[in-house]
Amino acid sequence: MDLTVIVPTFNEGPNVAELVRRLGAALQGREFEVVFVDDSTDDTPAIIRGVADATDFPVRLIHRDEPDAGLGGAVVEGIRAAQARWCLVMDGDLQHPPEDIPRMIDRAAVGDVDVVVASRYVAGGTAGGLAGATRTVVSRGSTLLTKAMFPRKLHGCSDPMTGFFLLDRETVDLDSLRPRGFKILLEILARRQLRVGEVPFAFATRYAGESKASLTQGIRFLTQLAMLRFGRMSAFALVGGVGAIANLVIMWGLIRLGMDYVPAAIIASEVTIIGNFLLLEYLVFADMRSESGRMRSRFVKSFVFNNIEALIRIPVLSLLVQGAHLPSVFAAGITLVAAFVVRFVFHALWVYAPKRVGAPSPQSALAQASGRTLEG
Ligand code: GDD
Ligand code: MN
């Protein structure tokens, strides 16, 4: 087997037959397999099975009943299941033309790179298929931001956000990846210095169906960047910061509505405690959830901790306001900052501690929790 083509799919039924047909034509004469890693909620799996039966090269389906880590998680699962050493990752909607794959293979065959990236942003490439000016600006802007954060690792890569690349799977440590959402290539390139080759490609328009990109994906991407660059603690700080601002805004609003500052602080705290927990679940500790028991018990721990923290914080707050005569919202800000470090340690060590036998100890959970990826 020379090549495994990995296609993550989420409700892409109408694209499957055309994609497989064009792959077959473009890769004629080569030994290859196609692996669909599917999280669909519609009839896409049945369509893939039907197409597989009618094709003379291997087309495999991995359907995930409990999808983990979205598009990126699906790609990692596909790489794990690949028969070939070289894995070609592409979208299932034909925005990545199969006809470009032979050029990518030729580039890899030169033998001096670990990954070949099909780039929209080198001479000869275009991003024409990106829907609308907003998407284009967001794509260019986030590419620049990302390259600025990893100037060395992404030096040779003009398009770390692409979902179209050819990877020597023996050069990546799959266990070190923490995929979350769409940007799996970035995750791979930021973890370890790889040798990158590029070929230009023209990002096409979708064949059928619609994009699954969303604002949530955008927020996941920002969290991923923070995690890759500064480790988990900064993502935690980001969430804490958002929570603290929400807390102060709610408190300020309630005071303006005529409420006394103490009940206002209590209500603002309860609302943000719940909101913060959800952000921690789905952004900061998403990769540790499956090993740390039940969500309900994590919520209870987090809720009790934060309420005890608030119980201590509110008398301190009134001390600062009444004793030290600080403005109430400013004083609340100080107490929120002070609570941050304690809260991080508590959550990383206790709330999200791995439960399974043989799982890493709390010490290594903290090492992992605060571990950063340094360049170089
Ligand atoms: N298995 C699985 N699980 N597949 C998914 C999921 C998921 O949760 N979400 C999306 N996909 C699949 C889609 O079915 C499609 O085959 C592919 O991933 C890309 O999704 P699109 O919805 O077509 O994304 P896009 O076109 O907006 O974004 C693409 O281009 C971006 C560049 O601007 C992706 O390739 C991005 O990774 C890329 O950054
Ligand atoms: Mn697409």
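Here's a quick briefing on the fold, the central sheet and a few side-chain spots of this protein chain.

The model is a predicted one, so to speak plainly about thresholds: local features need pLDDT of at least 70, side-chain atom pairs count only at pLDDT 80 or more, and totals for chains, interfaces and linings use all residues. Residues are numbered from 1 along each chain as its sequence is written, chains are lettered from A and ligands numbered from 1 in written order, and side-chain values use heavy atoms, with hydrogens and water left out.

**Overall layout**

- The protein chain has 12 helices and seven strands, where helices (H or I, at least four residues) and strands (E, at least two) are DSSP runs numbered from the N terminus.
- Along the principal axes, the C-alpha atoms fill a box of roughly 80 × 45 × 40 Å.
- Of the 376 residues in the protein chain, 49% are buried, with buried meaning under 20% relative accessible area, exposed over 50% and partly exposed in between (1.4 Å probe, protein chains only).
- Among contacts with a separation of 6 or more, 77% link residues 24 or more positions apart; a contact here is heavy atoms within 4.5 Å.

**The seven-stranded sheet**

- Seven strands make an open sheet with mixed pairing, in the order β3-β2-β1-β4-β6-β5-β7; two strands pair if DSSP finds at least two bridges between them.
- At the edges sit β3 (59-63) and β7 (196-200), each pairing on one side only.
- On average, neighbouring strands of this sheet are turned by 20° against each other, direction ignored.
- Helix α3 (residues 70-81) packs on the sheet, touching β1 (3-9), β2 (32-38), β3, β4 (86-89) and β6, and its direction makes about 155° with that of β1.
- For these angles, axes are lines fitted to C-alpha atoms (for helices, over the stretch in contact), and values run from 0 to 180 degrees between N-to-C directions.
- Helix α4 (residues 101-109) lies across β1, β4, β5, β6 and β7, and runs at about 150° to β7.

**Strand β5 in detail**

- On one side, β5 (residues 115-119) pairs with β6 (residues 165-168) in the antiparallel sense over three bridges.
- Within that pairing, Val115 stands opposite Leu167, and Val117 has Phe165 as its bridge partner.
- β5 also pairs with β7, this time in the parallel sense over five bridges, and there Val117 stands opposite Glu198.
- Five of the five residues of β5 are buried, so the strand is largely enclosed by the rest of the structure.
- Both faces are covered: Val115, Val117 and Ser119 are buried on one side, Val116 and Ala118 on the other.

**Aromatic rings and charges over them**

- The count comes to eight aromatic pairs, taking rings of Phe, Tyr and Trp (its six-membered ring) as paired if their centres lie within 6.5 Å, with planes under 30 degrees apart stacked, over 60 edge-to-face and the rest tilted.
- Phe201 and Phe203 make an edge-to-face pair, because their ring centres are 6.1 Å apart and their planes stand at 85°.
- Phe201 is buried at 2% relative accessibility, and Phe203 is buried too, at 10% relative accessible area.
- The charged end of Arg120 sits over the ring of Phe203, 5.2 Å from its centre; the rule is NZ of Lys or CZ of Arg within 6 Å of the ring centre and within 35 degrees of the ring normal.
- Arg140 lies over the face of Tyr121, at 4.0 Å from the ring centre.

**Two buried residues to look at**

- Ser139 lies in helix α5 (residues 132-149) and counts as buried at 10% relative accessibility.
- Neighbours within four places aside, Ser139 is in contact with Arg120, Tyr121 and Leu130.
- Phe285 lies in the loop between α9 (261-284) and α10 (295-323), and is buried with a relative accessible area of 0%.
- Not counting residues up to four places away in sequence, Phe285 touches Arg232, Phe236, Leu280, His347, Ala348 and Tyr352.
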